[in-house]
Number of protein chains: 2
Amino acid sequence: MSNKTVKTDLFEQFARIAKALASGKRLQILEFLAQGERNVETLAQLTGLSIASTSQHLQQLRQAGLVSASKEGLYVFYRLAGDSIVRLLAALHAVGQEHLAEVDKLVRLYYDSKDGLEPVPAKELMQRVKKGLVTVLDVRPAEEYAAGHIPGAINMPVSEIRKRLNEIPKEQEIVAYCRGPYCLMAFEAVAELRKKGRAARRLEDGFPEWRSAGLPVEIA
Amino acid sequence: MSNKTVKTDLFEQFARIAKALASGKRLQILEFLAQGERNVETLAQLTGLSIASTSQHLQQLRQAGLVSASKEGLYVFYRLAGDSIVRLLAALHAVGQEHLAEVDKLVRLYYDSKDGLEPVPAKELMQRVKKGLVTVLDVRPAEEYAAGHIPGAINMPVSEIRKRLNEIPKEQEIVAYCRGPYCLMAFEAVAELRKKGRAARRLEDGFPEWRSAGLPVEIA
DNA sequence: GTAGTATTCAACATAATTATTGAATAGTGG
DNA sequence: CCACTATTCAATAATTATGTTGAATACTAC
């Protein structure tokens, strides 16, 4: 096999991964899986696809190495195949935000309706946490929370906010965070909380940035 | 416009970017553009596509916000639209390396034929640079080199290696690096140098990792 | 075993992508 | 202004992706 052929093949392999990402529906599925593992039926409901379609999309994602599956009881549960996939999605969001005017417009339209949804800078959060002025919400999946989180943060994935709203003090501002500045889950959480009448904003960056800035981290 | 619609639209926008990446040929083009700006004809030659095809691929990349173009004299020069695109490509490579067995096989097959192409760890390079035992080659585009590089490194993009081979001392081992562990340009450089009979390896990580490890950096 | 259920498979129609060819455009250089 | 050239546009044919429906699997629970 010639060098040229091998190199072409290599790019085709990378393209295979990109092809798997090249569908709004599949990106939605990935975003939901980033919040925790899900079975086919649940994903079908969340995305509005038929079950068969959902299954087929999941096959594609699996062949591209992006998700893995395992059967537990009656259900097949799907999950992201690894952390590098979260990073890939974040990189995709970053490019979108930076280079597609439409993305910026849509994000604005959807998330920060009118008034101050400016994100909270890490320093500011730090100070207010010390004074006990805010409730910090970690909306990542439980495993990631367990591996390290902002001290005092409550772990509550977006899907659980509705049920567990009463666990959050009523009269304090809430600051939500997830994995990075382009992780949509924090946006979701803020939107959800605001819909319930709570004062909520999101942390400007995510947990990785918090950690790498040398700020305190709590484990387990 | 309902939230659901906006959110769907948002994912469609991200999918647009992924679609632009979802072709081996376009990834090749991006990889070449990562090495510096190029006109359409050059890219057509490098990829083996017809000029019209190349132009169309470039249109797609441009609509997705991944490349930008400007006319200089007779030629239209294309370049990557920003650093976030480099990071996106790196993330894609990382996922490939981690989750697709085929990628790993191909990389092995193409690059480290037979003997020790093990990468050089940063620490080891550091020591050997101090003793003047190695020639360090920075294969990134000139602009990135100017913004900071490993002390004493020679800047030489892959495309220039053939012409400028005489600038590299003959009897020393060469260590090439670029942007990160998944940046293919360092692999290319090593392959090229070895073809010319030089002893070459690549740095395990890339420059960003070198910098963030607190190792010395030279500017200009 | 049998009934029931979650998931996958297969076949189809529709729609989108790809590369090619040849023509059109726009801008340069004399 | 004219000839020339790099690039883009348009039309085509071949390939590939999408979503639907209904059937096939594989497993659970009784």
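Q: How do the residues of the surface near DNA strand D divide into nonpolar, polar and charged?

A: Bear in mind this is a predicted model. By class, the surface near DNA strand D has eleven nonpolar, seven polar and four charged residues.

Q: Which residues are the closest to DNA strand D?

A: Ala52(A), Asn39(B), Val40(B), Ala52(B) and Ser55(B) are the closest, out of 22 residues that surround DNA strand D.

Q: And which element gives the largest share of that surface near DNA strand D?

A: That's H4(B), with five residues. At least two residues each come from H4 of chain A and from helix H3 (40-47), H4 and strand S3 (75-80) of chain B.

Q: OK, now DNA strand C. Which residues come nearest there?

A: Asn39(A), Val40(A), Ala52(A), Ser55(A) and Ala52(B) come nearest, and there are 22 residues around DNA strand C.

Q: Which element gives the most to the surface near DNA strand C?

A: H4(A), which supplies five residues. The elements that each bring at least two residues are helix H3 (40-47), helix H4 (51-63) and strand S3 (75-80) of chain A, along with helix H4 (51-63) of chain B.

Q: What's the split by class near DNA strand C?

A: Eleven nonpolar, eight polar and three charged residues.

Q: Switching to the protein-protein side. How many residues of chain B are in contact with chain A?

A: 42 residues of chain B are in contact with 42 residues of chain A. On the chain B side, helix H1 (3-21), helix H2 (24-34), helix H5 (83-99) and helix H6 (101-110) each supply at least two residues. H1(B) gives the most, with 15 residues.

Q: What's that side of chain B made of, by class?

A: The side of chain B that touches chain A has 23 nonpolar, twelve polar and seven charged residues.

Q: Why do you say the copies meet through the same surface?

A: Because 100% of the interface residues of chain B are also interface residues in chain A.

Q: Let's do sheets. What's the order of the three strands in the antiparallel sheet of chain B?

A: S1-S3-S2, and the sheet is open. Strand S1 (38-39) and strand S2 (67-72) of chain B are at the edges with a single partner strand each, so one side of each has no neighbour in the sheet. S2(B) and S3(B) are joined by six bridges in the antiparallel sense, and Ser68(B) stands opposite Arg79(B) in S3(B).

Q: Which helix packs on that sheet?

A: H2(B), which touches S1, S2 and S3 of chain B and makes an angle of about 90° with S3(B).

Q: And the parallel sheet in chain B, what order do its four strands take?

A: S5-S4-S6-S7, again as an open sheet. Strand S5 (154-155) and strand S7 (200-202) of chain B are the edges there, each with a single partner strand, so one side of each is left without a neighbour in the sheet.

Q: How many bridges join S4(B) to S6(B)?

A: Five, with the two strands running parallel. Val134(B) stands opposite Glu173(B) in S6(B). With S5(B), strand S4 (residues 134-138) of chain B pairs in the parallel sense over two bridges. Across from each other in that pair are Leu137(B) and Ile154(B), and also Asp138(B) and Asn155(B).

Q: Are the residues of S4(B) buried or exposed?

A: Buried: five of its five residues are. Side chains in a regular strand alternate between the two faces of the sheet. For S4(B), Val134(B), Val136(B) and Asp138(B) are on one side, Thr135(B) and Leu137(B) are on the other, and both faces are covered.

Q: Last one: which strands does helix H9 of chain B lie across?

A: Helix H9 (residues 184-195) of chain B lies across S4, strand S6 (173-177) and S7 of chain B, and runs at about 170° to S7(B).

How values were computed. Residues are numbered from 1 along each chain as its sequence is written. Chains are lettered from A and ligands numbered from 1 in the order in which they are written. This is a predicted model: local features need pLDDT of at least 70, side-chain atom pairs count only at pLDDT 80 or more; totals for chains, interfaces and linings use all residues. A residue is near a molecule or strand if its C-beta atom, placed from the backbone, lies within 6 Å of it. Ala, Val, Leu, Ile, Met, Phe, Trp, Tyr, Cys and Pro count as nonpolar, Asp, Glu, Lys and Arg as charged, and the others, Gly among them, as polar. Two residues are in contact if their C-beta atoms, placed from the backbone, lie within 7 Å. Two strands pair if DSSP finds at least two bridges between them. Axes are lines fitted to C-alpha atoms, for helices over the stretch in contact, and angles run from 0 to 180 degrees between N-to-C directions. A residue is buried if 20 or more other C-beta atoms lie within 10 Å of its own, exposed if 12 or fewer, and partly exposed in between; C-beta atoms are placed from the backbone.
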